[in-house]
Amino acid sequence: MSSVGGQQDVDIDLGGLFRAIWRRRARVLLATVGAAAIAFGAAKMVAPAYESETRVLIESREPEFSGPNQTSQTGADRMFDESGIASQVQVLRSADLIKQVARNMTLHELEEFDPSAQPSAISDLLVMLGLKKNPLELPPEERILNAFNSKLQVYQVEKSRVIAIAFTSKDSKLAAAIPNEMAEVYLSLQSGAKLDSNSEASRWLEPEIANLGEKVREAEAKVAAYRAESGLLPTGETENFATRQLTDISTELARIRAERANTAARAEGVRAALAGGRSVDTLTDIVGSPMIQRLKESQASLQAQIADLSTALLDGHPRLKGLKSQLEGIRAQIRAETRKILSSLENEAQVGQLREQQLLQQLNALKAQSAQAGEEEVGLRALEREAAAQRQLLETYLARYREATSRTVANATPADARVISNAVVPTTATFPKVFPITIVAALASFLISCVVIMLGELFSGRALRPVSSSGRMSETTAAATPLVVDEAPALIVAVEAPAEDEQQEHEASGAAEHDFSIESVADHLLGNDIRVAVSVSPGGDEGSTATVMLARLLAEEEHKVVLIDLSGSACPTRLMAQSLHLPGITNLLSGEVAFTETIHADRFSEAHVIPQGDADPHAAMRGIERLQMIIDALTSAYDLVLVECGAADAASIAKVARRDDVEIILSAPSVTEEKIIEELTSFGEAGYRDIVLMTGGAESGPELPDRRAA
């Protein structure tokens with residue numbers, strides 16, 4: 001609305017504005033057609049420009065003989081990141097590359113690339129007046145470079161390793177030839193750079209390889225001389241002569257000991273059998289003796305004859321006596337042969353013992369030699385490590401030298417790029433677009449003409465009309481919002497509910513219906529995009545319960561809400577958390593738990609809660625300075641951070657509501673009007689201007705004699 005003469009309300013007559021445009025439709029049409037004709041003629045007079053584009057893919061291109069461990073792979077990988085592709089774009093725009101293209105295509109002979117060589121009269125006049133710098137002061141090569149850059153576009157295709165080279169020219173064939181030539185020169189420069197790099201590497205490696213070869217020979221000579229001086233002759237990959245000899249003697253000593261023990265045990269068995277008068281037929285050494293076997297065969301034969309003759313002859317018969325006498329002689333021979341075997345075993349055991357003593361003496365001597373050899377091997381291993389390191393470095397240099405040498409021939413080092421799309425000769429001009437320019441000019445002329453006409457009508461006052469009081473819109477059609485404290489301390493502002501129709505609007509113009517319900521507070525928070533709200537409940541747990549209901553209502557509206565329980569009674573924790581012993585805000589302020597361990601889901605809604613926790617409250621209050629950082633961190637993840645402070649006063653709230661955009665909510669269901677006014681006054685005196693009142697239901701707030709009351 002406007003005011004005319006400061007006394008009467010006026011409104012804009014939209015119909016009058018459109019009628020004014022219609023009355024002047026001939027002018028509007030003439031201006032539109034004229035602008036379109038001028039734009040069409042100007043576009044036709046402009047020389048057409050053609051544009052063509054070549055696309056180059058940046059990728060690693062190595063010859064087939066390159067191995068997987070080639071040293072150039074790391075450098076190629078760096079070309080594939082964003083900064084590497086951007087660097088290649090700058091290479092394509094470099095002055096050296098453009099000058100090379102200009103020389104190859106003799107662009108200095110074309111007037112298009114050096115228009116300053118034949119300046120126009122207007123250009124000469126501007127130079128004479130000092131309004132333009134004389135282009136002839138620049139060398140011809142710089143003028144060509146400037147003209148070339150003005151027609152060139154080099155850019156990276158989004159989210160790819162493709163670089164586009166676009167060029168605009170009055171000649172369609174030239175517009176296609178220049179991007180293709182730039183791509184060829186770029187690939188040639190890239191290949192040449194890699195070839196130069198390999199040549200430099202070969203020249204650097206040659207003296208290094210010669211020097212390393214001499215060092216390897218010296219190191220290996222030192223190893224051989226040290227072996228000869230210390231007597232550390234190698235007998236294997238990990239053993240020397242002394243160690244090998246010590247191992248052999250130890251093995252032989254173990255074998256001799258085992259044989260001696262075996263022989264002694266066999267001799268003891270034979271001796272025990274002879275001493276006890278037992279049969280020796282079961283002893284291995286006795287049974288295995290050929291002599292004993294022959295005697296046993298003779299004994300068996302005589303026993304058979306005696307048994308055969310005993311059936312026909314008496315015991316006193318001379319034949320039986322003779323056979324029995326022979327049998328006794330054979331038994332005596334068996335016993336004598338057994339004693340010989342025993343003596344042989346004893347001698348063998350004694351020889352084994354003597355051999356064992358000799359081996360022990362040799363073993364002790366070799367231990368001393370082996371200990372000395374071990375000390376000398378320390379120096380030998382150091383020399384061998386030095387020789388091995390020099391040899392390995394030499395082999396590495398030789399491998400790189402061979403690879404670098406193989407890459408110094410032509411076409412052995414392809415550029416890390418390839419053309420994937422060559423520029424073609426364009427058939428249509430990219431500029432000027434005659435019909436789009438004509439349409440835009442006509443539309444712009446039409447809009448400007450209409451705006452000029454409407455502004456003239458408004459400034460002349462012809463498009464303004466007075467508004468009667470009966471038709472005036474109600475000033476109290478704002479949506480129902482909760483009670484808030486206004487600019488002055490302890491000033492309360494109530495906003496009326498909207499009227500449903502015009503008749504109800506007139507009837508409700510003098511009456512105000514206050515709404516302090518949870519739904520109204522939720523609408524207020526959503527409508528004003530409040531990020532942090534601090535709730536104070538002077539009535540205790542009833543107010544805290546209303547705050548929980550507010551959080552759940554906002555969660556139902558698909559609003560991400562987290563409630564921090566700073567009340568002394570832990571009422572929100574009991575209503576929302578799964579357990580009273582979950583870690584919460586006191587644990588977080590004390591530094592006992594991580595941030596994510598304190599956030600829990602509400603049992604009956606999509607809201608989240610940070611419970612009171614079970615840490616020492618006094619220890620938690622010492623870290624109250626961290627609360628603001630916690631709230632700031634939560635605002636980045638939630639739409640609303642709701643802090644329930646219980647029955648707190650204004651001084652306590654000051655530690656929480658440090659942000660300028662914090663909304664203070666006075667949750668006061670079942671609280672008397674006197675108590676509400678007292679709380680609002682105390683917060684107003686503390687400097688808080690906007691206090692949102694929430695009484696739980698849709699009941700009225702305190703009876704106020706006017707829309708503003710202290």
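This is a predicted model: local features need pLDDT of at least 70, side-chain atom pairs count only at pLDDT 80 or more; totals for chains, interfaces and linings use all residues.

Reply: Residues are numbered from 1 along each chain as its sequence is written, and side-chain values use heavy atoms, with hydrogens and water left out.

Me: Which residues of helix α1 are buried?

Reply: Helices are DSSP runs of H or I with at least four residues, numbered from the N terminus. Buried means under 20% relative accessible area, exposed over 50%, and partly exposed in between (1.4 Å probe, protein chains only). In α1, residues 14-23, the buried ones are G16, L17, A20 and I21.

Me: Why do the buried residues of α1 line one face of the helix?

Reply: The arc is taken from the directions from the helix axis to the C-beta atoms. Seen down the axis of α1, the buried residues line one face because they fall within an arc of 140°.

Me: Which exposed residues does the face of α1 turned away from its buried side carry?

Reply: That face lies away from the buried side of α1, and its exposed residues are L14, F18, W22 and R23.

Me: Is V451 buried or partly exposed?

Reply: V451 is situated in helix α13. Its relative accessible area is 42%. Because of this value, V451 counts as partly exposed.

Terms used: Helices (H or I, at least four residues) and strands (E, at least two) are DSSP runs, numbered from the N terminus.
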